[in-house]
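Hi there,

Here is the structure I promised to pass on. Have a look at it first, and my notes follow below.

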Amino acid sequence: MHAPQTIPADLADVTAAILSRVRASNPRVHCITNAVAQHFTANVLLAAGAIPSMTVAPEEVGEFVARADALLVNLGTFDRERRAASEIAIARAGQTGRPWVLDPVFVDRSAPRTAFAKTLAARRPAVVRLNAAEFSALFDAAPDDGALCKVAGDTAGVVALTGATDQVSDGTRVLRIANGDPLMGRVTAMGCAGAALVAACLAVEPDRLAATAAALLAFAVAGEVAAGRARGPGSFAVEIVDALYGLDRETLRARARVT
Amino acid sequence: MHAPQTIPADLADVTAAILSRVRASNPRVHCITNAVAQHFTANVLLAAGAIPSMTVAPEEVGEFVARADALLVNLGTFDRERRAASEIAIARAGQTGRPWVLDPVFVDRSAPRTAFAKTLAARRPAVVRLNAAEFSALFDAAPDDGALCKVAGDTAGVVALTGATDQVSDGTRVLRIANGDPLMGRVTAMGCAGAALVAACLAVEPDRLAATAAALLAFAVAGEVAAGRARGPGSFAVEIVDALYGLDRETLRARARVT
Amino acid sequence: MHAPQTIPADLADVTAAILSRVRASNPRVHCITNAVAQHFTANVLLAAGAIPSMTVAPEEVGEFVARADALLVNLGTFDRERRAASEIAIARAGQTGRPWVLDPVFVDRSAPRTAFAKTLAARRPAVVRLNAAEFSALFDAAPDDGALCKVAGDTAGVVALTGATDQVSDGTRVLRIANGDPLMGRVTAMGCAGAALVAACLAVEPDRLAATAAALLAFAVAGEVAAGRARGPGSFAVEIVDALYGLDRETLRARARVT
């Protein structure tokens, strides 16, 4: 069902299958994420069926990661404690073979953040998720197909470039997911929560391209369903959580625009 | 109305009376709680009629606690500042005779957290709220009726074991509250907010068993009302705040399942 | 349209014009704000059309402020990192000529906070927003019209005293905005988000009295619209974001009660 060679044609079915596994197995996802995103990220993970934990204390983050199924490292809050916790968490994820996702938020806005993100990107994240400005700052290249493939090859992982159309590359191919809604840009932490969902899918799906594309497709389709029910960004943030919780194969099939 | 000897038979009425006092007197509840739970916890307290404060700065937490009517210490974010703040806050609550609630979140997931929680549990919290895994880690015992009563006796306080059925013991008796909805487990910080509500009730009700059972019953019944109106965990988190705000004696009487 | 001498008569029109400019130009607002308020504040700014950033790391806050159009300094979380970040951010805002808003939350509740707020108030914020108790603690005076004008004159800025009726003074005049709804007091971070909205309006409107009054009027009218749709404080917090997003000139004209 989820053999990567059949993506993108059956990405809706692959996504439905991966969501089912998240709902059935309730993977633990440890998130080192920014203070603004923590609450919404935890609720998105819970709605999907995953179990979030969020500690950033260096004394104990290693134990949490050791008992988790996947890790998210988001640089949105760039304090000393989170930097130390990130180092420890990534080392532990490496030891236990757990996949981890790097989300270098706002790496284009401050030089210390760029430098730190570059050291993390070199430590083999399973997936790097970022927008075009962040891609340019982190990889010193315009985010075209060639650069996406090169970066995915260099990091030996998947690169997910999010925007009006999401693009996902494993170094060989570039998938495009043209779903979503502009209201997703009017609610804070949408991208951060989407990256956490990538980690949840990686916890149950070894094919990293499939897991990443599934998470982005699921969240973008949930956004479309939510937009159809919302009056503005306040109700949209509520509705997208409900839509993700109730997302089914039929809705994914009807809405997926993947090439 | 709220004499403990008549609980559980009249817990719905006792709860309605305690909620009325919270709404009328607007007790101040100082919360040292985790970063994920702060926002939702503040909104649950405000919906109930209490006034939250949330500073964790060691320089000023003592002054906040001195002017508060009850204190919550939640270990969900286990950083140095919050540990220092907890020590100061608990000492001040002891000096001023203010009740405090210990919520040892995830104490089963990391050894430093367990060790710290044990020192706090020995400092006479009015109430310890935790789930079964946290109970086992903190008290080295399976959470049966005998262990609940023993722990309540040892800490000279009330133990609230939350789960599908909540259990509350003062060392002599064990009350069971079989209300609530599975969606409460699909929204982050529900337990944390429930523990804050216990603190709000302790601020207006000296009988700690009654105050604790009232808070848990009110929140669980609000959860049932919310589940009847919600499409998923996103809307559920909104509806439970509205339901708590509007909760009345008739709804409590109609729904309470207490033994 | 927004000449200050015609306020208050045309404040509804002035507000509609300022909101249009925020929506069209998407100003960047850097917020050093408390942990409880960060998420809601970011969503209110996004709903209004502004772009929030929230880092408090001293290493990089200067770079964020240098690239922002306005700054908010909120003292609700009074930790060492935020104090250091505030000093750096205010210095940078001064160098680049960016307006900044001081929100001295809970300055009446702890002496170290009062002392720190006094040093910040002396550094020429464009606007100080606070409630009556905070005014008295910070300026050692009862918040009557004379004191408002004197403080505005002394700080060479605007003072916004929020409450059932908001009062705004530039040292010469005192505007009164009698809009809003009691539910605004039952949701955490409403005042904090309102102060962030003041910063967003300052980013596009050089007349500080007009910008401040516009932000307070817009948020208060959004609160009235939300109250008409809400069942309690949970849905109110959702509806006010939607209402701000959709707020138009007709609604402002129909509801504004400004003297």
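Among contacts in chain A between residues at least 6 apart in sequence, what percentage join residues at least 24 apart? The figure is 71%, where a contact means heavy atoms within 4.5 Å.

Before the rest, a word on conventions. This is a predicted model, in which local features need pLDDT of at least 70 and side-chain atom pairs count only at pLDDT 80 or more, while totals for chains, interfaces and linings use all residues. Residues are numbered from 1 along each chain as its sequence is written, chains are lettered from A and ligands numbered from 1 in the order in which they are written, and side-chain values use heavy atoms, with hydrogens and water left out.

**Chain A**

You will find 11 helices and 8 strands in chain A (DSSP runs numbered from the N terminus: H or I of at least four residues for helices, E of at least two for strands). Its radius of gyration is 17 Å, close to the 18 Å given by the globule rule for 259 residues, so chain A is as compact as a globular protein of that length. That radius is taken over C-alpha atoms, and the rule is 2.2 Å times the number of residues to the power 0.38. Along the principal axes, the C-alpha atoms of chain A fill a box of roughly 45 × 35 × 35 Å.

Of the 259 residues of chain A, 63% are buried (buried is under 20% relative accessible area, exposed over 50%, partly exposed in between, with a 1.4 Å probe and protein chains only).

**How the copies are arranged**

**One loop residue**

Take a look at C:G228, in the loop between helix 9 (208-227) and helix 10 (233-246) of chain C. C:G228 has 67% relative accessibility and therefore counts as exposed. From C:G228 to C:E239 is 11 residues in sequence and 9.2 Å in space, C-alpha to C-alpha.

Best wishes
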